[in-house]
Amino acid sequence: MIVLYVFIALVLLRVVLIAIGAALIIQHVSACPACFQESVGVRYHWLKLMAPWLEWRWCPSCGWQGPSRRLQ
């Protein structure tokens, strides 16, 4: 049984480390990385609850969508 707990702990540790790494990589984006036009912030209630430091961006010119770090 202890082996099972160790495996579960290692999987959870891996998920946490990947989430922290992804959060550090994401930068604030105000312009679309595909066409360099201004992108618009989209409000998602679930994203605000799960990760308040992130926001979802959308480009009306080319349709690009992606995460961005929220400016404080």
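Visitor: What makes Arg 57 and Glu 55 buried?
Guide: Buried means under 20% relative accessible area, exposed means over 50%, and partly exposed lies in between (1.4 Å probe, protein chains only). Glu 55 has a relative accessible area of 14%, so Glu 55 is buried. Arg 57 is buried as well. This is a predicted model: local features need pLDDT of at least 70, side-chain atom pairs count only at pLDDT 80 or more, and totals for chains, interfaces and linings use all residues. Residues are numbered from 1 along each chain as its sequence is written, and side-chain values use heavy atoms, with hydrogens and water left out.

Visitor: Why is the pair Arg 57 and Glu 55 called a salt bridge?
Guide: The rule asks for a side-chain nitrogen of Lys or Arg within 4 Å of a carboxyl oxygen of Asp or Glu. Here the closest N and O atoms are 3.3 Å apart, so the pair qualifies. The count by this rule is 1 salt bridge.

Visitor: Where is Glu 55, and which residue stands opposite?
Guide: Glu 55 is in strand β2. Opposite stands Ser 68 in β3. Arg 57, in turn, stands opposite Gly 66 in β3.

Visitor: How do you know that Ser 68 is buried?
Guide: Its relative accessible area is 0%, so Ser 68 falls under the limit for buried. A polar atom of the Ser 68 side chain lies 2.9 Å from the backbone nitrogen of Val 29. Along β3 the side chains alternate.

Visitor: Why are β2 and β3 said to pair?
Guide: Two strands pair if DSSP finds at least two bridges between them. Strands are DSSP runs (E, at least two residues), as helices are (H or I, at least four), numbered from the N terminus. β2 and β3 (residues 65-69) share 5 bridges, so they pair, in the antiparallel sense. Between them lie 6 residues of a hairpin, where Gly 63 takes a positive phi near 90°.

Visitor: What makes β1 and β2 a pair?
Guide: β1 (residues 40-42) and β2 (residues 54-58) are joined by 3 bridges, so they meet the rule, and they run antiparallel. Val 40 has Trp 58 as its bridge partner in β2. For Val 42, the partner in β2 is Trp 56.

Visitor: Why do β1 and β3 stand at the edges?
Guide: The open sheet has 3 strands in the order β1-β2-β3, with antiparallel pairing. β1 and β3 each have a single partner strand, so one side of each lacks a neighbour in the sheet.

Note on methods: Polar contact = N/O pair within 3.5 Å; in protein donor to acceptor, adjacent residues only side chain to side chain.
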